[in-house]
Amino acid sequence: MIYNKIGFIGAGSVVQTMVKGLVENDVVKSHKIWVTNRKNRAHLLDLWKKYNVNCTVDKKKVLDNTDTIILGVKPQDMQEVLKEIKPIISEKQLLITVAAGITTDAIASVLKKNIAIIRVMPNTSCAVGASATAIAKGKLANDRHLATASKLFESLGEVAVVEEKDMDFITGLSGSGPAYFYYMVEQMQKAAASHGLSKETARKLIVQTLYGAAVMLKETSEEPAVLREKVTSPDGTTYAALKIFERMGFENTITKAISGATVRCTELGQEFLDVYQLSEISDNRKSS
Ligand SMILES: NC(=O)c1ccc[n+]([C@@H]2O[C@H](COP(=O)([O-])OP(=O)(O)OC[C@H]3O[C@@H](n4cnc5c(N)ncnc54)[C@H](OP(=O)(O)O)[C@@H]3O)[C@@H](O)[C@H]2O)c1
């Protein structure tokens, strides 16, 4: 690998799953991983205890010791983080952002540096090496940078290289996607509970059903509609259930939910730009 010392800024859900995946799959040795966050020392301690990675409260230490920096903070905190790393990040480093909505151009304009940036949208299934991750190049990133990011995330699941213009939609599709399936499982568990089925039995049957369907989709490469039709005999039980899904507007609900997530993602990017522009205006006033 070209870049092999990885620094994480942020130690929340996504970073925890990534560190777990990278260390447990032996993609990056734990001593080559540095992690920092804002104030939650328990998260750092936990990562250190579990994976023996370097944890520090000092961002400079992370930047001094790594060549690829992964920004794993919420979009709302990105402004502050970029201002903190601006004086200490080098143009030789590769910056990877997993933040929803924030474009590589927006990050570059805050840093005011010629730095290669890659935008990535993984999901929390990184923890089990099964993330669906989309990767897009920023303007200054080249194929070598893309290859580095791809290699890192391939160790955490499947990677698709996409254009950055599609990233907000993909965030609503596969970034948030695991939650849609968890929600479905929750509702199936509720139905099973109200029938009186034990929690353990219901969970076993539902999870295996979801897993089996995913394996069928992946391994047979059949279209989902074909697989669905194979389960649905005319006037049978599945048919009865699907009729209700249809009547209750399932199709429309899914499309609208993904579109709601996409819109929110774009809003997060716009909020970031608004805050940045306001802070630029106030800095210019102070200096004039
Ligand atoms: N959750 C998902 O499924 C998912 C999927 C794909 C992408 N993402 C993206 O991944 C990013 C992180 O999401 P998450 O769910 O992991 O968030 P999270 O659990 O809230 O973690 C955010 C992390 O950022 C740290 N942080 C905030 N401000 C900081 C600062 N100034 N300096 C250093 N660290 C700082 C926080 O530290 P403290 O805890 O110390 O405050 C925390 O460790 C988001 O941008 C999100 O859009 C999330």
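1. Sheet layout. In this predicted model, 8 strands build an open sheet in the order S3-S2-S1-S4-S5-S6-S7-S8. The pairing is mixed. S3 and S8 (157-161) stand at the edges, each with a single partner strand, so one side of each lacks a neighbour in the sheet.

2. Parallel end. S1 (residues 6-9) and S2 (residues 33-36) run parallel and are joined by 4 bridges. Gly7 has Trp34 as its bridge partner in S2. S2 also pairs with S3 (residues 54-55), again in the parallel sense, over 2 bridges. On that side, Trp34 stands opposite Asn54. Crossovers. S1, helix H1 (residues 13-24) and S2 form a right-handed β-α-β unit. S2, helix H2 (residues 41-51) and S3 form a right-handed β-α-β unit as well.

3. Faces of S2. In a regular strand, side chains alternate between the two faces of the sheet. In S2, Ile33 and Val35 point one way, and Trp34 and Thr36 point the other way. Which of these are buried or exposed? All are buried.

4. Nonpolar core. The largest nonpolar core holds 58 residues. Val19, Val35, Leu71 and Ile96 touch the most other members. Leaving out residues up to four places away in sequence, Val35 touches Phe8, Ala11, Val15, Val19, Leu44, Leu47, Val53 and Cys55. Nonpolar side chains tend to be buried together in soluble globular proteins.

5. Ligand shell. How many residues surround the ligand? There are 28, and the closest are Gly10, Gly12, Asn40, Ala99 and Ala100. H1 and helix H4 (75-85) are the elements that give two or more residues to this shell. H4 supplies the largest share, 4 residues. By type, the shell divides into 12 nonpolar, 11 polar and 5 charged residues.

6. Antiparallel pair. S6 (116-121) and S7 (131-137) pair in the antiparallel sense over 4 bridges. Ile118 stands opposite Lys137 in S7.

7. Helix H7. Why is H7 (residues 167-175) described as largely enclosed by the rest of the structure? Because 8 of its 9 residues are buried. These are Met167, Asp168, Phe169, Ile170, Thr171, Gly172, Ser174 and Gly175. They pack against S6, S7, helix H8 (177-195) and helix H12 (250-287).

8. Glu222. This residue lies in the loop between helix H9 (199-220) and helix H10 (224-231). Glu222 counts as partly exposed because it has 13 C-beta neighbours inside 10 Å; the buried class needs 20 or more. Glu222 and Thr253 are 31 residues apart along the chain, and their C-alpha atoms are separated by 24 Å.

9. Whole chain. The chain has 12 helices and 8 strands. Its C-alpha trace spans about 75 × 40 × 35 Å along the principal axes. Of the 288 residues, 32% are buried. Among contacts with a separation of 6 or more, 68% join residues 24 or more positions apart.

Methods. Residues are numbered from 1 along each chain as its sequence is written. This is a predicted model: local features need pLDDT of at least 70, side-chain atom pairs count only at pLDDT 80 or more; totals for chains, interfaces and linings use all residues. A residue is buried if 20 or more other C-beta atoms lie within 10 Å of its own, exposed if 12 or fewer, and partly exposed in between; C-beta atoms are placed from the backbone. Two strands pair if DSSP finds at least two bridges between them. A crossover is right-handed if, with the strands pointing away from the viewer, the path from the first strand over the helix to the second runs clockwise. A residue is near a molecule or strand if its C-beta atom, placed from the backbone, lies within 6 Å of it. Ala, Val, Leu, Ile, Met, Phe, Trp, Tyr, Cys and Pro count as nonpolar, Asp, Glu, Lys and Arg as charged, and the others, Gly among them, as polar. A nonpolar core is a set of buried Ala, Val, Leu, Ile, Met, Phe, Trp, Tyr and Cys residues joined through C-beta atoms within 7 Å. Two residues are in contact if their C-beta atoms, placed from the backbone, lie within 7 Å.
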